[in-house]
Amino acid sequence: AFVSKKPVMAVSAKRSARSMTMKVAAPASEVLGLGKSIPSGLYLIMSVLAFGLGGFSVAQSNLFNTLSADSVNPQFVVGSLMLPISWGLHVASWIQKQNGK
């Protein structure tokens with residue numbers, strides 16, 4: 001069988017601090033759609049509330065025990081979906097703060 005002697009992928013072990021920085025400014029507030037006029041502070045409050053509710057739901061859902069149809073509470077499953085939503089709200093807050101809103 002034919003095997004290529006070329007390296008498949010070159011890996012550089014050395015990374016500079018510059019390569020880890022963002023080279024583009026924050027996007028315009030228009031990327032938030034209907035939320036473009038919501039102030040940064042309100043996004044932050046909503047993010048903290050969503051994170052708290054999501055964290056509480058995950059903690060109460062008892063994920064470390066055996067899951068069965070009787071042990072799963074649908075309210076906690078839906079509440080746990082607030083964790084990724086809190087991340088999105090956090091990013092929206094950062095965008096608004098970078099744009100001075």
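A surface patch here is made of residues with over 30% relative accessible area and no salt bridge, with like charges joined within 9 Å and nonpolar side chains (Val, Leu, Ile, Met, Phe, Trp, Tyr) joined within 5 Å. A salt bridge is a side-chain nitrogen of Lys or Arg within 4 Å of a carboxyl oxygen of Asp or Glu. Accessible areas come from the Shrake-Rupley method with a 1.4 Å probe, and for residues only the protein chains shown count as cover.

The model is predicted: local features need pLDDT of at least 70, side-chain atom pairs count only at pLDDT 80 or more, and totals for chains, interfaces and linings use all residues. Residues are numbered from 1 along each chain as its sequence is written, and side-chain values use heavy atoms, with hydrogens and water left out.

By these rules, Leu42, Ile45, Met46 and Leu49 make a nonpolar surface patch of about 370 Å². Leu42 belongs to helix α1, residues 40-60; helices are DSSP runs (H or I, at least four residues) and strands likewise (E, at least two), numbered from the N terminus. Leu42 is partly exposed, at 41% relative accessible area. Buried means under 20%, exposed over 50%, and partly exposed in between, with a 1.4 Å probe and protein chains only.

The protein chain holds 3 helices and 0 strands. Of its 101 residues, 17% are buried. It exposes about 8400 Å², and carbon and sulfur atoms supply 67% of that area.

Let us turn to helix α3. Which of its residues are buried? They are Ser86, Leu89, Ala92, Ser93, Ile95 and Gln96, and their cover includes α1. Ser93 has a relative accessible area of 8%. Leaving aside residues up to four places away in sequence, Ser93 touches Ser40, Tyr43 and Leu44, where contact means heavy atoms within 4.5 Å. Just after α3, Gly100 takes a positive phi of about 75 degrees.

Finally, the aromatic rings. Rings of Phe, Tyr and Trp (its six-membered ring) pair if their centres lie within 6.5 Å; planes under 30 degrees apart count as stacked, over 60 as edge-to-face and the rest as tilted. The count comes to 1 aromatic pair. The rings of Phe56 and Phe76 have centres 6.3 Å apart and planes at 80 degrees, so the pair is edge-to-face. Because Phe56 lies in helix α1 and Phe76 in helix α2 (residues 74-80), the pair ties together parts 20 residues apart in sequence. Phe56 itself is partly exposed, at 47% relative accessibility.
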